[in-house]
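Hi everyone, thanks for making time this morning.

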Amino acid sequence: MEQVVESWLKSLFDSHMTISGETAQALWCTAIGESEIRPTPVTANPGEELVDVIMCDVSPLDRQVAEGRFPPGPPMPVIPGTTGVVRDAAGKLYFAFVEMRGGGLFSPGIHRTVASVPRDVLFEIPAGVSHKDVAAGFTGIITALAILDHSIKIQKGQSVLILGANRGVGGAAVEVALARGAHVIAAAREPINIPGVDYVSYDEMPAKVMELTGGKGVSGIIDGLGGEITNKALMCGGTDCKHVLLGFSAGVQLPLIAPRFLGTEHQLIGYNLLRRPWSLIAELMEEAMELLKAGKCIPQIAQELPFAQAPEAFKTAASKQGRTLIVMQEI
């Protein structure tokens, strides 16, 4: 078995990380729920450059890969990490969106001290913006903007239900929806006290949501939870409601009841940010960076752990109210 693993590792790095004199420390997910840090050779392939990795978020998608809950991904062992903040040879800081090229999903991810990254997935972090906020919240802001403005197309005065409203995408979506003049109904396990936002617990759905909308239901739903909560959210939708499903942290099985789709023509839409054209994603990145620069959509950071504790970060991230950062270098 050990020889099989070594052979797979060699083929992986022959195709993705040509061996050279430079060695990084990389987090390897070795089995479901288990990981370790190993020295790993790395160099830049054509069209890529070597960058120092400064810090990375442990995203729900990263955890799904580590837990074997992302079936299209490669077999273990695998290096996770879909996004991070990196520094190039000139000393500039960038948000590295390596997921755009399969990083952390179909090829080695960025949870390592040095990475080989395509230049076209790097987005420079301007002065005045915290690199920690970028690491923890940038993808969430981009996703919230894309869903609200380009999928739901929320309009002033319309109601939107945001599930997981105290989490990454949900927290950003609350601020963006408020800025668009929407009636925001925020659902979470813990109370949310934001001026202009109506809070509901999951146990109060759908009755309280229908009460808050005068029986009309909401025009849009942002749902990163799945499971039974998605079914309860379905009953909160109004006519032609666009219900965007972007995750399944509360369960992969959706116990949906068919008649609830029919009367109001409720639309349940699976969402994958990476299917948006790169030109749109670049535009959303610019807008997201401006929001951070203005002090808006600032993510909640629950913990920062040194890279040596990366295995622990993966085991504890899901239980934290806020984002978990792995710090490769202090700057």
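This is a predicted model: local features need pLDDT of at least 70, side-chain atom pairs count only at pLDDT 80 or more; totals for chains, interfaces and linings use all residues.

Let's begin with the helices. Helix α3 covers residues 131-151 and helix α4 covers residues 168-179; their axes come within 8 Å and cross at roughly 55°. That angle is why we call α3 oblique to α4. As for handedness, the crossing of α3 past α4 is right-handed.

Which residues make the contact? On the α3 side you'll find Gly140, Ile141, Thr143, Ala144, Leu145 and Leu148, and facing them from α4 are Gly168, Val169, Ala172, Ala173, Val176 and Ala177. Sorted by class, that contact of α3 with α4 holds nine nonpolar and three polar residues, with no charged ones.

Now for the rings. There are three aromatic pairs in the count. Take Phe95 and Phe97: their ring centres are 5.7 Å apart and the planes sit at 55°, so this pair is tilted. Are these two buried or exposed? Phe95 is buried, and Phe97 is buried as well.

Phe95 also pairs with Phe138. Here the centres are 4.8 Å apart with the planes at 70°, so we have an edge-to-face pair. What I like about this one is that it links distant parts of the chain: Phe95 belongs to strand β5 (residues 93-96), Phe138 belongs to helix α3, and 43 residues separate them. Phe138, like Phe95, is buried.

Putting the rings together, Phe95, Phe97, Phe123 and Phe138 are linked by ring pairs into a cluster.

Notes: Residues are numbered from 1 along each chain as its sequence is written. Side-chain values use heavy atoms; hydrogens and water are left out. Axes are lines fitted to C-alpha atoms, for helices over the stretch in contact, and angles run from 0 to 180 degrees between N-to-C directions. Helices (H or I, at least four residues) and strands (E, at least two) are DSSP runs, numbered from the N terminus. Angles under 35 degrees count as roughly parallel, over 145 as roughly antiparallel, 65 to 115 as roughly perpendicular and the rest as oblique. A crossing is left-handed if the near helix is turned anticlockwise from the far one by less than a right angle, and right-handed if clockwise. Contact means heavy atoms within 4.5 Å. Ala, Val, Leu, Ile, Met, Phe, Trp, Tyr, Cys and Pro count as nonpolar, Asp, Glu, Lys and Arg as charged, and the others, Gly among them, as polar. Rings of Phe, Tyr and Trp (its six-membered ring) pair if their centres lie within 6.5 Å; planes under 30 degrees apart count as stacked, over 60 as edge-to-face and the rest as tilted. Buried means under 20% relative accessible area, exposed over 50%, partly exposed in between (1.4 Å probe, protein chains only).
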